[in-house]
Amino acid sequence: MSLIVQKYGGSSVADLDKVKSVACRIKSYVDQGHRLVVVVSAMGKTTDRLMEMAREIHPSPPDRELDMLLSTGEQVSIALLSMALNALGQEAIALTGGQAGIHTSNFHTKAKIITIDPQRVFRHLDENKVVIVAGFQGMSSDYDITTLGRGGSDTTACALTAALSAEYCEIFTDVNGVYTADPRIVPQARKINRISYDEMSEMANLGAKVLQIRSVDFSQVYGVRVQVRSTFSQEEGTWVEKMRSMEDVKVRAITHNGNVVKVVFLEVPDRPGIAALIFKELADCSVSVDMIIQSEGREDKKDVAFVISREDVNRLKKVVDNLNRKIQFKGVKLDEAVAKISIVGAGIASDPNIAYRMFHVLSEQEINIDMISTSNLRISCLIPNSSINEAVQALHKEFIEDEEVSIHEEL
């Protein structure tokens, strides 16, 4: 019998009818001879509602207590799903992350998985039970409940797949797979059947919400095959796996992220060690940054600009307070009216014409580019948030739709 790890997102278990439907799907796998470990997210928008409640009580709630609160959403889901399976005559048991042997770092709200002890999970599997595990959470060395950050259930599922040496991991969501762009913005977007870990990692990092980036990177390190597919369809989804390099592969997808903020540290002292100090403070507070630019010096002062996630703004304020005690700078300016648009593909770095085409398309739409960053697999531009839809549509037409037409013409 093959062992499979499945993960069902919040939209898949948003209400009791969907929970029952997921239970029927799981039982069909068991009836086919599979052993299953199932990771579940909180129902629907439960995590958002819990966060709103926390902030009504405290504008900046303590991270430890926030983890204690947010982790309850998944515990509701696993209990209900286990009950639904037992009602169908299939034995199941619900486990929290800690009960499933998931040990994490002590950093609350963004903890990292350190080790997984799978003995209890294996014991229940040997008893022919379906094991339902709460995603997004684990337990620290202090026996505190910790959470893994938004989308952390994906990481839970991929980590368990590796720890249990399961055959593969299925990520069930409300879309049929990974698309060349957001279908809500680009109706012509098409599903990608297979994509490399590197490309998927870039897409996740750049705003594609199908998989959490840590889950992709984890899967690549441990060789976990992942299929992203719909809970509401039997159609095969997108396989994320190791792929041979192909020089003729160009732009695979257009991604965008409106959940970003541009940060500018104004008139920072222009001397060795200052940039290191700023970014050490950011790292210590677990604030991830992108698109770093340092301006030309003027009177021994420089501006340092970068982009962060909106979720990290409160952490940024702590960084600013710490830096104010260590260095003299004019202040910090935040711009929330921005978005990041990116093109992703394995062959981008080898073709200098791609950058020109991207910038030319944006200029034709009269979209101003504020910041630019590149890697071997992507080119990203910071643009006005108000222009994001037309930018995605124009770039998809240039790099995906027109490229496919050109290929078919050559054939």
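K262 is buried at 15% relative accessibility, where buried means under 20% relative accessible area, exposed over 50%, and partly exposed in between, with a 1.4 Å probe and protein chains only. This is a predicted model, so local features need pLDDT of at least 70 and side-chain atom pairs count only at pLDDT 80 or more, while totals for chains, interfaces and linings use all residues. Residues are numbered from 1 along each chain as its sequence is written, and side-chain values use heavy atoms, with hydrogens and water left out.

Staying with K262: the residue lies in strand β16. Helices (H or I, at least four residues) and strands (E, at least two) are DSSP runs, numbered from the N terminus. The K262 side chain has a polar contact with the side chain of D370, at 3.0 Å. A polar contact is a pair of N or O atoms within 3.5 Å; within protein, one must be able to donate a hydrogen and the other to accept it, and residues adjacent in sequence count only if both atoms are side-chain atoms. Leaving aside residues up to four places away in sequence, K262 touches a set that includes A305, F306, K333, L334 and M371; contact means heavy atoms within 4.5 Å.

Next, the sheet. Four strands form an open sheet in the order β17-β18-β16-β19, with antiparallel pairing. At the edges are β17 (290-294) and β19 (331-335), each pairing on one side only. Direction ignored, neighbouring strands are turned by 15° against each other on average. Two strands pair if DSSP finds at least two bridges between them; β17 and β18 (residues 301-309) have three, in the antiparallel sense. In one of these, D290 has V307 in β18 as its bridge partner.

What packs on this sheet? Helix α10 (residues 313-324) does, touching β16, β18 and β19, and its direction makes about 5° with that of β16. Axes here are lines fitted to C-alpha atoms, for helices over the stretch in contact, and angles run from 0 to 180 degrees between N-to-C directions.

Last, backbone angles. Most residues other than glycine have a negative phi. E267 is partly exposed, with a relative accessible area of 27%.

S165 also has a positive phi, about 55°, and is not a glycine. S165 sits in the loop between α6 (152-163) and β9 (168-173), and counts as exposed at 66% relative accessibility.
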